[in-house]
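Subject: Salt bridges in the model

Hello,

Here is the structure for you to look over. My notes come after it.

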Amino acid sequence: MMALGLESNAPNFKAITTSGPIDFHNWLGDAWGLLFSHPEDYTPVCTTELGAVAQLEKEFSDRNVKAIALSVDSLESHHGWKVEIEKSMNVKIGFPIIADEDAKIAQLYGMIHENSSSTHTIRSVFVIGADKKIKLHLTYPMSVGRNFDEILRVIDALQLSCKHQVVTPANWNQGDDVIVDVSLSDEEAKELYPYESSEEASYLRFTPNPSSD
């Protein structure tokens, strides 16, 4: 299988989840998707991660993003673990958890890395646009929990660039100034965005965040 790159079509699949059976693309509809895998149910780092996503569900919903988790554990295991997460993390999990016992979806998305584990998924993150194309792919080792605030930050930047011809500088956060895309000439840029150029590097054309208008 060829590796899934940025702007690749996100493969569709049918799955059994804690919210019932789904067809992935139909389930997404016109929303963005956050598909993330965890190595194993009833483990401490994974528990904190699913709890963190549950705490941020309104943030994802406000951005028209649907979250969905995956591991190779059974549906029965997911349901039991979900209860423990909700109690231990004081949350309510509204997003589905995929039971991928045969690892077909994990293999489809390259979530199993043989040198890490031949049976468990590593911590993969796929952000999928409303056009069903992969906009972001992050991979974390089993020992490191993900920063979902950072994933939200990247989603903000991705959605901004999808709507406007701007890019985001290092350490950008929502509301900060952005940079006019280099694909626009100075004349084109001035028609769209008020900007100031750096004297040392004219291609650094900073402009106020257009989503703040």
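The notes below cover the salt bridges.

This is a predicted model, in which local features need pLDDT of at least 70, side-chain atom pairs count only at pLDDT 80 or more, and totals for chains, interfaces and linings use all residues. Residues are numbered from 1 along each chain as its sequence is written, and side-chain values use heavy atoms, with hydrogens and water left out.

Start with helix H3, residues 57-62 (helices are DSSP runs of H or I, at least four residues; strands are runs of E, at least two; both are numbered from the N terminus). Asp62 pairs with Lys58 there, with 2.9 Å between the closest N and O atoms. The two sit four residues apart, about one turn of the helix. Asp62 is exposed at 51% relative accessible area, and Lys58 is exposed at 61% (exposed is over 50%, buried under 20%, partly exposed in between; 1.4 Å probe, protein chains only).

Next, Arg63 bridges to Asp156 at 2.6 Å, closest N to O. This pair links distant parts of the chain, 93 residues apart. Arg63 is in the loop between H3 and strand S4 (65-71), and Asp156 is in helix H6 (residues 148-163). Both Arg63 and Asp156 are buried.

Helix H6 also holds Arg153 and Glu150. Their side chains form a salt bridge, 2.7 Å from N to O. Arg153 is partly exposed at 22%, as is Glu150 at 29%.

Finally, salt bridges link Glu7, Asp131 and Lys135 in a network.

Best wishes

Technical notes:
A salt bridge is a side-chain nitrogen of Lys or Arg within 4 Å of a carboxyl oxygen of Asp or Glu.
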